[in-house]
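Hi everyone, thanks for making time today. Please bring the sequence and the model up on your screens, and we'll walk through it together.

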Amino acid sequence: MEKNAEQHRVPVLIVGGSLVGLSASLFLGRLGVRHLLVEKHPDTSVHPRGRGNNLRTMEVFRAAGVEERIRAAASLLADNHGILQTPDLAAADAGEWLVRQIDEKGPPTRRFSPSAWCVCSQNDLEPVLRKAAVEQGGDLRYGTEMLSFEQDDDGVTAVVRDRAGGRDTTVRADYLIAADGPRSPVRERLGIGQTGPGDLFHNVSITFRSRGLAGIVGDRRFVVCYLTGPEAEGALLPVDNAERWVFHAPWKYDRGEALEDFTDERCADIIRAAVGARGLDVSITGKAPWHAAERVAEHYARGRVFLAGDSAHEMSPTGAFGSNTGIQDAHNLAWKLAAVLDGTAGRALLDTYEAERLPVARATSARASARSVEHSHPGYEPAPGAVAGLGGPRGGLLPVVLGYRYVRGAVLGTDPEMPVVPERMDLTGAPGTRAPHMWLHRPGAGGRLSTLDLYERSLVLLTGSGAKDWWAAAELVAARLSIDLDAYRIGDGPEADLAPEAGADWAAVHGTAPEGAVLVRPDGFVAWRAAGQDPDPEAALFTAVTSLLRRG
């Protein structure tokens, strides 16, 4: 490195500026953590992919203040729901709806969440996240590549290069987040292996324009249509429902077929054959290879370096689990880094990142492969029995999206033998699960908010309006530990901070008694629950919080 090269000091260095890296930047910025993000590409993604943002991810973006911006960016596909499968799109028969309407979008889920699924492609979502991250103070440097890094007991030293100017910068960070994709150089440098069956199938993603295709599609507003005709197969995705489209063509990569074999002429012929319209106007605008795989890192961290997103796990695209799991990785890690960096928590809290997220990735990646089987994803030929036992009635999205739970980690009172993804969801406030949603309002004020809107920047204690002891205990514990601990009394009494909607019972929703209490983490997961009043609430809460934060 040049002697006069720039040097930079920052608490967190993020390597990778795609969906997960940008999300990590946004979440850290919201928590006041100074950080630097480096991304080797010159700008955000230009290719429409990774479009399914599930219910939990949209809740996370709601907490980060960007949900409505994302919906605005996704407005062209606001009416698109469901997965269609047909051997001939041009035929009069509409085909078979594998999913008529994405599970979480239906009215029954309004009982579970203030948010809903959003179909926003990566090329539309990344600019929203980038702008929001910069607004929160993020230092984002595109066209900048990390060349090397070393870590010691006190931090990480990395060398990054401005690819346009060739200037090197030495970055000294307390921690490094590797969101650098499935071929992750950081994971390789750390020597972390992977488990799983490996490559599942290979596709070439083809962007094209066609004005005639909208007439063939008609009013079938799908998110994706699997075309399974005998002449050609593939997956068709709308970009604007008018003339811009994406087609995923199976690629015999493992049989020696080259990307160069997909000429514009051949791609157009494949699309026409798959759609069932030989005379269709097709103008190819781009091609991008991608490899679907099921791999999960053996570890999510080593020392002061953490893996997130595709560097930690690869999943079949069916079900849109991959990017969603990665964004939720970043959300889990961000509050823990913030707590350790500001002295609220002990460093051992960071060990819970792997303990919580690695089992979720294993369960989710298996479920993603199972959905590829169920939906006959073009190009996917699973090994016999590879995903046995994961289909059928258990195959809905909700248990994976909202029902997963942390059985070990920064949670108290869990059963470590319980499955990470349950047969039936527990949305009643059990420790380790995502905290329940219910609508509230502030007495004497207009408008309403969800309980989920309370969680982002601090620990939160919920208790009944008459449970003065828990509320007072929260104030005392916060002072003793010098932490932010917000307490809310919920009910209809004069001392209530928040009131539920008519007929709602906050205690029943959260699985406790009116005089009980529920402690919720900044990421919206229940950390601890008291079934009722305690003879010494301050001592009980102090013990719970110090254990949760690995203090002492």
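Let me start with a question: what percentage of the 552 residues in the protein do buried residues make up? The answer is 58%, where buried means under 20% relative accessible area, exposed means over 50%, and partly exposed is in between, with a 1.4 Å probe and protein chains only.

Two housekeeping notes. This is a predicted model, so to speak of local features we need pLDDT of at least 70, and side-chain atom pairs count only at pLDDT 80 or more, while totals for chains, interfaces and linings use all residues. Residues are numbered from 1 along each chain as its sequence is written, and side-chain values use heavy atoms, with hydrogens and water left out.

Now the overall picture. The secondary structure comes to 13 helices and 25 strands; these are DSSP runs numbered from the N terminus, helices being H or I with at least four residues and strands being E with at least two. The radius of gyration is 24 Å, close to the 24 Å that the globule rule gives for 552 residues, so the protein is as compact as a globular protein of that length. For the record, that radius is taken over C-alpha atoms, and the rule is 2.2 Å times the number of residues to the power 0.38. Along the principal axes, the C-alpha atoms fill a box of roughly 75 × 65 × 45 Å.

The accessible surface comes to about 21,900 Å², and 48% of it belongs to carbon and sulfur atoms. Areas come from the Shrake-Rupley method with a 1.4 Å probe, and for residues only the protein chains shown count as cover. As for contacts, meaning heavy atoms within 4.5 Å, take those with a separation of 6 or more: residues 24 or more positions apart account for 71% of them.

Let's zoom in on helix α8, residues 321-341. This helix has 21 residues and reaches 30 Å from its first C-alpha to its last, close to the 30 Å expected at 1.5 Å a residue; the expected span is 1.5 Å times one less than the number of residues. Is α8 largely enclosed or open? Of its 21 residues, 20 are buried, so α8 is largely enclosed by the rest of the structure.

After α8 comes Gly 343, with a positive phi near 85 degrees. Thr 344 sits in the loop between α8 and α9 (351-374). Thr 344 is buried at 17% relative accessible area, and, leaving aside residues up to four places away in sequence, it touches Ala 339, Ile 483, Leu 549 and Arg 551.

On to charges. How many salt bridges does the count come to? It comes to 36, with a salt bridge defined as a side-chain nitrogen of Lys or Arg within 4 Å of a carboxyl oxygen of Asp or Glu. One of them joins Arg 56 to Glu 59, with the closest N and O atoms 2.8 Å apart. Both residues lie in helix α2 (residues 55-63), three residues apart, which is about one turn of the helix. Arg 56 is buried at 6%, and Glu 59 is buried at 5%.

Arg 266 pairs with Glu 257, again with the closest N and O atoms 2.8 Å apart. Here Arg 266 is partly exposed at 30%, whereas Glu 257 is buried at 16%. Arg 521 and Asp 523 meet in a salt bridge at 2.7 Å, N to O, and both are buried. There is also a network of salt bridges linking Arg 62, Glu 67, Arg 71 and Asp 453.

The structure holds zero disulfides, a disulfide being a pair of cysteine sulfur atoms within 2.5 Å. The sulfur of Cys 120 is 5.3 Å from the closest cysteine sulfur, in Cys 118, which is too far for a bond. Cys 118 is buried at 4%, and Cys 120 is buried at 1%.

Last stop: Asp 93, in the loop between β4 (83-86) and β5 (96-99). This residue is exposed, at 56% relative accessibility. Not counting residues up to four places away in sequence, Asp 93 touches Asp 88 and Arg 220. From Asp 93 to Gly 193 is 100 residues in sequence and 48 Å in space, C-alpha to C-alpha.
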